[in-house]
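Have the sequence and the 3D view ready.

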Amino acid sequence: MPQIGFGVFRIPDDQTERTVLDAIESGYRSLDTASLYGNEKGVGRAIAACGLPREELFVTTKLWNEDQGRERTAAAFESSLSRLGLDYVDLYLIHWPKPSRGLYVQTWQVLEELSDAGRARAIGVSNFQPGHLENLAQQTRVVPAVNQVELHPFLQQDQVRRYDDQRGIVTVAWSPLGQSTSIDDPVVGTIARRRDRTPAQIILRWHLQLGNVVIPKTTQPARMRENFQILDFELDDEDMAAIRGLDAGRRLGPDPDELETGPKQGFSSSGGRWVATAD
Ligand code: NDP
């Protein structure tokens, strides 16, 4: 899995083909979508149009909460594949654990079967806390390849990252730029000026040096290139320590545990804000 990927959350389906083609043109080979995002078709159109052999791309999509469970998971997976126009994905994730439904263990067992059949080259989870991963470890046979969690300078997720590391699970950072909030931070700005880089580059480089996979989103080609150009410089210990000091445990998205307060509660994004919905 490439350590730098491209996320497409909140990009409308009719703009997704153009945006993903720009991202591929900028050098990205790893694409992160989800059934929830409503733009798998646009991602699929870009994959078909880009002219690259399928095996040069790494495509991730995710199972939405209401499709968990033995009855619905396999059908939801097939629908995602069909919208993407693919016969396999490189990585398939359970989007949220939703432990109140009690379905994520049996859902994972269906993902194990999809992996055995080669339809999902790798399988993983998203927004899983160590406790949820422990439950999987006790009741299932395949260790998730990745755990994709909210992770940025204001929410550094030490506990999750440590647990993932111990189990050999790759941590993927969603909202790696803190949905742009951390870009304006003065500490990041000082490092950016000293290194003659942009704040976004400093934050993404910090992730890489911690070993995180990043999947920043932008619709602007200049920013796509900027976010991808982070391999030709390094942060030193002082820079890393300064960013470490920004951790405030501050979430932008839902807390995977608190999401459990309502029996049928879900969430979606509206105008850039997370809102509670019924699922
Ligand atoms: P990001 O941290 O990637 O931030 C995206 C925002 O930052 C956009 O507003 C973008 O604006 C802006 N931006 C991007 N690059 C720059 C730059 N170089 N300079 C200034 N501003 C910039 O947040 P996302 O929430 O989009 O997360 C990224 C991906 O993570 C998603 O697309 C999705 O794939 C995944 N994700 C997964 C979740 C999960 O539950 N598994 C939940 C949320 C996200 P503009 O587009 O105008 O450039």
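To sort residues here, Ala, Val, Leu, Ile, Met, Phe, Trp, Tyr, Cys and Pro count as nonpolar, Asp, Glu, Lys and Arg as charged, and the others, Gly among them, as polar. This is a predicted model, where local features need pLDDT of at least 70 and side-chain atom pairs count only at pLDDT 80 or more, while totals for chains, interfaces and linings use all residues. Residues are numbered from 1 along each chain as its sequence is written, and side-chain values use heavy atoms, with hydrogens and water left out.

**The cavity**

- A cavity is a set of points, on a 1 Å grid over the protein atoms alone, where a 1.4 Å probe fits but cannot get out.
- Points are joined across faces, edges and corners, and a volume is the space filled by probe spheres set on them.
- Counting cavities of 30 Å³ or more gives one, and the largest cavity holds about 60 Å³ of space.
- Its lining (residues with an atom within 4 Å of a point) includes Trp96, Phe128, Glu150 and Arg251.
- By class, the lining of the largest cavity has seven nonpolar, three polar and two charged residues.

**The largest pocket**

- A pocket, by contrast, is an open set of points with protein on both sides within 12 Å along at least five of seven lines.
- The largest pocket has a volume of about 660 Å³.
- It is lined by 32 residues, and Arg10, Ser175, Gln179, Pro216 and Lys217 are the closest to its centre.
- That lining splits into 13 nonpolar, 13 polar and six charged residues.
- The ligand takes up the space of the largest pocket (a molecule sits in a pocket if more than half of its atoms lie within 2 Å of its grid points).

**Around the ligand**

- A polar contact here is a pair of N or O atoms within 3.5 Å.
- Serine 175 has a polar side-chain atom 2.8 Å from an oxygen atom of the ligand.
- For valine 8, a polar backbone atom is 3.2 Å from a ligand oxygen atom.
- In tyrosine 37, an N or O atom of the side chain is 3.4 Å from a nitrogen atom of the ligand.

How values were computed:
Polar contact = N/O pair within 3.5 Å; in protein donor to acceptor, adjacent residues only side chain to side chain.
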